[in-house]
Amino acid sequence: MEAGEEPLLLAELKPGRPHQFDWKSSCETWSVAFSPDGSWFAWSQGHCIVKLIPWPLEEQFIPKGFEAKSRSSKNDTKGRGSPKEKTLDCGQIVWGLAFSPWPSPPSRKLWARHHPPGPDASCLILATGLNDGQIKIWEVQTGLLLLNLSGHQDVVRDLSFTPSGSLILVSASRDKTLRIWDLNKHGKQIQVLSGHLQWVYCCSISPDCSMLCSAAGEKSVFLWSMRSYTLIRKLEGHQSSVVSCDFSPDSALLVTASYDTNVIMWDPYTGERLRSLHHAQLEPPMDDSDVHISSLRSVCFSPEGLYLATVADDRLLRIWALELKTPIAFAPMTNGLCCTFFPHGGVIATGTRDGHVQFWTAPRVLSSLKHLCRKALRSFLTTYQVLALPIPKKMKEFLTYRTL
C-alpha cells in the first residue's frame, strides 16, 4: 500500500477444529512472529499448537497481483528441497514466541546431539513460552525440540532474543519476574529481574542490545541495562496498565501501549515523554458500554522506523506515521491481540482471540536521506552523545526526534 491508503486484507489463516473434549486448550493467538530474515512465520494458533510456515505464503493464500518479497526465503533450504510447514505440539497453551537472529553462531553445546559437527553449522531457532512456566526451544528447519527451560512459576507471556546473535533470551512471566537465559550454555539461567508488582506482559530488547524494556500491567514501565541487568529507570506517564512496548529500529525511541487508550513515545536515554497518541473511538458507543473499549493490546514499529501499528479492543488496526498525531489508516479487526511487521516491510500480521492470523498491506515508502542519516547515527549514538556534538540546535532536535 502507498502511504495514506487503507490496509488491505491479503490472507487469513484459521486453525483446524479443536480436539474434542480438550478442556485444557484454548484457541487464542497470543503471539505471531516473523523470522528476522523473513523466511518463516510462526503462529501460536491455540490448542497448544504452533505452526511454522515458510514465507512467502503459498499461492492459494495470496490474492493475485501481490508478491511478498523475501530476500532469503530459500537460503535455508541448502539443497534439501523447499522448506515445509511444521506443526509443533507444545503440550501447553502457547503465549509467547521469539525467533533467534539469523543465522545464529554455531553452538556445539546446544544442538550437538542432533547435528554432526560441521564448519557451516548454523541454526534458526524458535522459543515458545508456555502456560505452565516452561520455555521450549525448537530448531526451525527440522522441528526438533532442543531444550526445555524451567524456572518460571507461572505463564511465560513474552520472549525476546538479543538482536546481536549471542543467543541470550529474555522471558517475561506472570510470576512477576523476567529471566535471562544463555542458550549457548545449555539454556543456563543467568539472571532473575525482580521488582514488578503485577504480571509481566511484554519485554523488548533495544536493537543496539543496551536496554531491556518490560511492561507489567502497572502504570509505569521498567527500563533495564542489558549489560549489568540492573534497573536504569521507571517511566511514569500512563494512567492504567501498560501491556505492550517496542523500540525503534535505531534504539532512539521507545513506544508503550496501555489500557488507558494511549501510546506514549519516549526517549529511553533521558526518560522524556516525546508524544502521546490517543486512540479515540471513530463512532460513539451504542449504549453505556465499558469506557475501556479502546484499550490497547499491542504496538510495534515498522522495520524502517517511520510507522507504528496498534491493535485495540475497538476492533481496529491502526497505522500511524511517526510525525503525525492521528492515524493515517485503519482496518477493521475483531478481537485483535497482537501485531508485528514483516521484517522487509509491506505486510503486518495480526493475531486474534479466535485463533486466526490476518495479513494486511502496510505502507511502503522510500525513507528520506535525512531519516536514513538519523537512523544510522542513532544506531550508535545515545541522546546525550548527540546533544554534545558541535552541530546546530535544529540538527540536534532532528537527531533526537524532538521535532515530532
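Which residue in strand 3 is the bridge partner of Val32? Select Val32 and look across to Trp43, its bridge partner in strand 3. This is a predicted model, in which local features need pLDDT of at least 70 and side-chain atom pairs count only at pLDDT 80 or more, while totals for chains, interfaces and linings use all residues. Residues are numbered from 1 along each chain as its sequence is written, and side-chain values use heavy atoms, with hydrogens and water left out.

Select strand 2 (residues 32–34) together with strand 3, which pair in the antiparallel sense over three bridges; helices (H or I, at least four residues) and strands (E, at least two) are DSSP runs numbered from the N terminus, and two strands pair if DSSP finds at least two bridges between them. The two strands form a hairpin with five residues between them, and Gly38 in the turn has a positive phi of about 80°. Ser39 also sits in the loop between strand 2 and strand 3, where its side chain makes a polar contact of 2.8 Å with that of Asp37. A polar contact is a pair of N or O atoms within 3.5 Å; within protein, one must be able to donate a hydrogen and the other to accept it, and residues adjacent in sequence count only if both atoms are side-chain atoms. Ser39 is buried, with a relative accessible area of 1%, where buried means under 20% relative accessible area, exposed over 50%, and partly exposed in between (1.4 Å probe, protein chains only).

**Second stop: backbone exceptions**

Most residues other than glycine have a negative phi, and most peptide bonds are trans. Select Trp55 and Pro56, whose connecting peptide bond is cis, with omega near 5°; Pro56 lies in the loop between strand 4 and strand 5 (86–89). Then move to Ser251, in the loop between strand 18 (242–247) and strand 19 (254–258), which has a positive phi of about 70° although it is not a glycine.

Of the 17 residues in the largest nonpolar core, select Ala309, Leu317 and Ile348, which touch the most other members. Such a core is a set of buried Ala, Val, Leu, Ile, Met, Phe, Trp, Tyr and Cys residues joined through side-chain atoms within 4.5 Å.

**Last stop: helix 2**

UniProt, in an unreviewed entry, places the feature "domain: SOCS box" at residues 368–404. The end C-alpha atoms of residues 368–404 lie 15 Å apart, and the span is 59% helix and 0% strand. Within helix 2 (residues 369–378), select the buried residues His371, Arg374 and Arg378. They cover an arc of only 60° around the axis, which puts them on the same side of helix 2; the arc is that of the directions from the helix axis to the C-beta atoms.

Definitions and conventions: UniProt positions renumbered as here; feature names shortened; annotations may be inferred.
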